[in-house]
Amino acid sequence: MTPIPFTNSLTGALLIRAFRTYQALAYPKGDIPANRRHFADLPDDRSLTDILSLSGVESPKTTGGPAASCYRFRLGCEWYPHMKILVNFVGPQGEPIFSVDTHDQLPVPADSPDAAPFRALQARNLELATRIQDAWTQNGIPTQVSQLKQYLEEHRAKR
Amino acid sequence: MSARTILVVDDEPLIGELVAEIFELHGYESRRVETGSDALQMASGWHPHAIILDVMLPDIDGFEVCRRIRASEPSQGPGILMLTGMPLPADRQRGFQAGADRYLTKPFSAPDLVSEIESLIGEYESPVECRCRRMSVLSLSGLRDDPQPLAEMLCDLVRVTPLTTSEIEQFGNAVIELASACAHASDPTSDIESWRLICRVFRDRLESSFEAAHVPVVRTGHPLVDLHDRTMETLPPSLSALGDSLVRGEFPSLSIHRHF
């Protein structure tokens, strides 16, 4: 069996906490689609290996450069089914960093009749992504912001 | 010694603020903006040593910002690190073609970012190395569209003292790149002035540097031109002759194997 890369600090419990925070904000009414429901119904003790084998999970590939060096979990949101959770791994220890991929960076010509509504969709997606990431940071899920804050705190403490 | 200066351009205010704070902690003077137009204004008015540049900005994207900064200051501009969530090799290539010195993807680790900037600033403080590197970046990218920035940079480079053998070799390679571009350009006459300028400045520079001494060996390995070591009596006129032959319009068929 091929070993799962970059999982030193990534645990099933951490993923489940991240999923729950995400879904509370992405589906505030609780109406999660059937094909995304399995991310919401995970028991607390579900193992990392089990979670990574669920449908809707994209695993890092052995080739493909940095773009492939992350896990993606397609959880969607109320109005946009393509939104994903990204887990990247940074630094020498491969620390996980959670972020939201709005998955909406498409080139839409400015003169297209879809341009204005698509920009509105992107803005709405970005606002939700920001709220989810802020909530993760507050709830102790590692994000880019929490990682930078931690670096600052550690270096200030040394001085 | 004055503080190193860094401009952080990121439309995510909190990320920009934290990154700026990190560099303040490392002794830098930092400033922060959130749009491409503000970045351009700050870059031209403040002249930071380095710029950390996000790509997805609300007005002008980071690639275009980078291009405009390089166009305004091709040889002496700031070190530019692109920091972006666009991880594909094609995006990275786009960044370098726009003139970025480094390309780091989000999310990133703070130590990696600090290390990249320290290295970039080190190069900034070593102008010859910095210019050689930019020269090769430019010669590989926008040259066919506009050889003038490369020509100016080459001239700038050879005005820097002292010129080492490896710098001359890099210069030679860049000249050859330019020759190739001229040969392939749809309108090669547009590059004549660039050629003339380069040849003249390089010849003058060699004459003032080496006088009667032997010019260092310059082996480019390029099929177009191979410069062997010769005394000053022969090299500059020969180089000039090469330039002149190209200027005369012979360069569309550049199957020249010149051995000076």
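Chain B and chain A bury about 1,800 Å² between them, and carbon and sulfur atoms give 71% of that area. Buried area here is the accessible area, taken with a 1.4 Å probe, that two parts lose on being put together, summed over both. Of the area that chain B buries against chain A, 35% is supplied by Leu18(B), Leu25(B) and Pro107(B), more than any other three residues.

This is a predicted model, in which local features need pLDDT of at least 70 and side-chain atom pairs count only at pLDDT 80 or more, while totals for chains, interfaces and linings use all residues. Residues are numbered from 1 along each chain as its sequence is written, chains are lettered from A and ligands numbered from 1 in the order in which they are written, and side-chain values use heavy atoms, with hydrogens and water left out.

The contact between the chains can be followed residue by residue. It takes 19 residues from chain B and 17 residues from chain A, where contact means heavy atoms within 4.5 Å. The two chains share 1 salt bridge, defined as a side-chain nitrogen of Lys or Arg within 4 Å of a carboxyl oxygen of Asp or Glu. Its partners are Glu21(B) and Arg156(A), whose closest N and O atoms are 2.5 Å apart.

On the side of chain B that touches chain A, helix H1 (13–25) and helix H5 (110–124) of chain B each supply at least two residues. H1(B) gives the largest share of that side, 7 residues. By type, the residues of this side divide into 14 nonpolar, 2 polar and 3 charged. In this grouping Ala, Val, Leu, Ile, Met, Phe, Trp, Tyr, Cys and Pro are nonpolar, Asp, Glu, Lys and Arg are charged, and the others, Gly among them, are polar.

Next comes chain B as a whole. Its secondary structure comes to 10 helices and 7 strands; helices (H or I, at least four residues) and strands (E, at least two) are DSSP runs, numbered from the N terminus. Chain B has 260 residues, and buried residues make up 55% of them. Buried means under 20% relative accessible area, exposed over 50%, and partly exposed in between, with a 1.4 Å probe and protein chains only. Among contacts in chain B between residues at least 6 apart in sequence, 62% join residues at least 24 apart. Chain B exposes about 11,200 Å², with carbon and sulfur atoms supplying 51% of it; such areas come from the Shrake-Rupley method with a 1.4 Å probe, and for residues only the protein chains shown count as cover.

Several loop residues of chain B can be picked out. Asp54(B) sits in the loop between strand E3 (50–53) and helix H3 (62–72). At 5% relative accessibility, Asp54(B) counts as buried. Leaving aside residues up to four places away in sequence, Asp54(B) touches Val9(B), Asp10(B), Asp11(B), Gly62(B), Leu83(B), Thr84(B) and Lys106(B). The peptide bond from Lys106(B) to Pro107(B) is cis, with omega near -5°. Pro107(B) is found in the loop between strand E5 (102–105) and H5 of chain B. His47(B) lies in the loop between helix H2 (36–46) and E3 of chain B. Phi of His47(B) is near 55°, a positive value in a residue other than glycine, and His47(B) is partly exposed, at 45% relative accessibility.

Chain A has 5 helices and 4 strands, which run α-α-α-β-β-β-β-α-α from the N terminus on. Of its 159 residues, 43% count as buried. The accessible surface of chain A comes to about 8,500 Å², and 54% of this belongs to carbon and sulfur atoms.

Gln23(A) lies in helix H1 (residues 12–26) of chain A and is buried, with a relative accessible area of 5%. Among the residues that Gln23(A) touches are Pro28(A), Ile32(A) and Leu75(A). His103(A) lies in the loop between strand E4 (95–101) and helix H4 (115–138) of chain A. Its phi is near 55°, a positive value in a residue other than glycine, and at 34% relative accessibility His103(A) counts as partly exposed.
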